[in-house]
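Please open the structure in a viewer and keep the selection panel at hand.

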Amino acid sequence: AWVTLCCYVLTPVRIRRALAGQGVRGPPARLLVGNLRDVSALVAEATAGDVGSLNHDIVGRLLPHYVRWSKAYGKLFVYWYGSEPRVCVTDPGMVRELLSSRHAHATGKSWMQRQGARHFIGGGLIMANGAAWVHQRHVVAPAFMADRLKGRVGHMVECTRGAVRALREAVAREGNEVEVGKHMARLAGDIIARTEFDTSYDTGKRIFSLIEELQRLTARSSRYLWVPGSQYFPSKYRREIRRLNAELERLLQESIQRSREIADEGRTPSSACGMGLLGMLLAETEKKNKKKRNSDDKGEPGYDAQMMIDECKTFFFAGHETSALLLTWAIMLLATNPAWQDRARAEVAAVCGDAPPTADHLPKLTVLQMVINETLRLYPPATLLPRMAFEDITLGSGELRVPRGASVWIPVLAIHHDEAVWGPDAHEFRPDRFASGRGRFFLPFASGPRNCVGQAYAMVEAKVVLAMVLASFRFGISDEYRHAPVNVLTLRPRHGVPVRLLPLATTRPRY
Ligand code: HEM
């Protein structure tokens with residue numbers, strides 16, 4: 001009863017006072033529900049139809065509450081997600097400071113977020129906090145270092161070859177109108193499954209579809225998380241979630257066991273698993289088990305069987321959807337900007353010739369790099385970055401004191417479309433704004449110690465796939481395309497991206 005009273009009444013009152021005392025205002029919030037209903041109603045209204053034209057000015061559609069409240073209360077304001085206060089911060093200095101190592105230990109993921117992702121991520125890296133996060137990050141980060149990534153390029157090329165073949169077959173079978181979103185989802189799934197888990201998309205297919213279904217069901221069952229004790233209420237979704245989660249964990253367990261047996265046979269170092277994430281996780285569990293056997297385990301954080309499963313879930317999830325969306329949006333933007341498509345294709349031909357890309361080619365694909373950056377700016381898969389303060393922190397040289405228990409939300413999409421940062425053409429596709437290297441205030445992968453651990457991997461993957469697609473097809477947007485970006489955890493096209501694919505006639509097949 002005391003905890004409930006603190007969570008739902010005393011802490012919100014304390015935080016409200018602390019913020020009001022600094023002049024941080026926001027829309028009036030109801031008891032328990034906060035501004036949840038306002039957010040839902042505004043988003044539902046803004047996304048009811050399609051955009052109409054191919055307009056990239058999508059902030060008002062996806063973050064209508066941000067647009068309305070930042071106009072009314074200033075760029076620094078607070079709204080309430082149930083009993084969780086969310087302070088919206090866009091000031092570059094404050095954002096950088098919040099994400100820097102200075103606050104790494106005092107901030108993390110909130111209970112509400114962790115609860116919402118419990119079944120498809122669990123205690124995996126994305127949702128870990130404190131010492132557990134430090135340990136997990138330390139274990140997985142080496143799997144994504146530049147020298148190891150070079151070894152993944154061949155696997156990525158191999159998977160993309162399959163995808164190009166599938167696209168050619170789709171054109172031959174059904175005509176040249178193809179929805180590329182589902183092809184890119186399959187390809188990104190195949191790449192992460194092969195490079196990190198030593199399996200293929202077909203084997204991992206059930207795993208991906210279970211994670212997707214769990215994501216959908218959890219989102220529905222989490223709608224009432226703001227109600228005290230709601231996590232214990234009977235719900236029609238809960239039994240289904242339990243059943244799907246049990247199947248997912250069994251499949252992952254089998255996959256881990258298979259890799260362990262291969263490792264025990266001494267076959268690992270040269271296989272993808274030995275180099276990849278699963279190999280690293282297996283080595284780490286073995287270390288922990290050894291300590292236990294020698295009674296050397298002093299209870300430090302480490303990987304047990306459940307943690308191992310949670311980490312696999314996390315990487316199947318994080319390494320799949322975001323990359324697939326980057327590729328899909330990039331193809332949409334190139335399909336609607338033929339001049340950039342031709343420029344990028346010419347560069348691929350000049351750098352790679354007739355061969356598939358290699359690790360040495362990738363840094364030379366600078367036009368493609370600009371196209372990828374501009375895609376991530378206009379359509380960042382993660383539109384918001386949340387951080388909860390576990391202790392009082394200050395931002396902007398003491399200008400803002402964020403009280404313990406408040407969440408800070410960084411509206412990445414709004415920052416990426418801000419005319420004050422990017423100029424009056426902020427909503428236009430203009431890759432050359434990245435010509436001089438990094439753009440101004442660019443956060444598709446977050447920044448600081450808790451940035452995306454798979455950032456370099458995602459960039460290598462995007463370059464390999466787009467280079468091979470550009471070399472194999474000319475493409476234009478289909479008349480059937482309906483521009484309707486929506487935010488369902490990630491920023492996606494509601495009706496997919498149908499394009500007209502024209503296989504490029506080559507004297508010899510390229511791939
Ligand atoms: C275009 C592709 C991608 C984008 C835009 C992206 C974006 C992000 C962002 C914004 C975060 C920070 C989330 C937060 O703190 O709330 C993040 C974290 C993370 N990403 Fe990615 N990501 C991408 C691809 C990948 C890939 C390919 C992998 C794995 C192979 C991956 C694994 C992770 C993990 C494990 C974290 C948590 C890191 C931590 O908390 O220490 N991501 N990603």
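The stops below move through a predicted model, from a sheet to a ligand site.

Begin by selecting the strands of the open sheet, which has 5 strands in the order 1-2-8-5-3 with mixed pairing. At its edges are strand 1 (77-81) and strand 3 (107-108), each of which pairs on one side only. Next, select residues 385-389 and 407-410: these are strand 5 and strand 8, which run antiparallel and are joined by 4 bridges. Within this pair, display Leu-385 together with Ile-410, its bridge partner in strand 8.

Select residues 64-73, helix 4, which lies across strand 1 and strand 2 (84-88). The helix runs at about 140 degrees to strand 1.

**The ligand shell.** Now select the ligand and the 24 residues around it; Ala-318, Gly-319, Thr-322, Cys-452 and Gly-454 come nearest. Colouring this shell by class gives 17 nonpolar, 5 polar and 2 charged residues. At least two shell residues come from each of helix 15 (305-318), helix 16 (321-335), strand 5 and helix 21.

**Cys-452.** Finally, centre the view on Cys-452, in the loop between helix 20 (419-422) and helix 21 (455-472). An unreviewed UniProt entry places the feature "binding site" at this residue. Leaving aside residues up to four places away in sequence, Cys-452 touches Phe-445 and Ala-446.

Definitions and conventions:
Residues are numbered from 1 along each chain as its sequence is written. This is a predicted model: local features need pLDDT of at least 70, side-chain atom pairs count only at pLDDT 80 or more; totals for chains, interfaces and linings use all residues. Two strands pair if DSSP finds at least two bridges between them. Two residues are in contact if their C-beta atoms, placed from the backbone, lie within 7 Å. Axes are lines fitted to C-alpha atoms, for helices over the stretch in contact, and angles run from 0 to 180 degrees between N-to-C directions. UniProt positions are given in the numbering used here, feature names are shortened, and annotations may be inferred rather than shown by experiment. A residue is near a molecule or strand if its C-beta atom, placed from the backbone, lies within 6 Å of it. Ala, Val, Leu, Ile, Met, Phe, Trp, Tyr, Cys and Pro count as nonpolar, Asp, Glu, Lys and Arg as charged, and the others, Gly among them, as polar.
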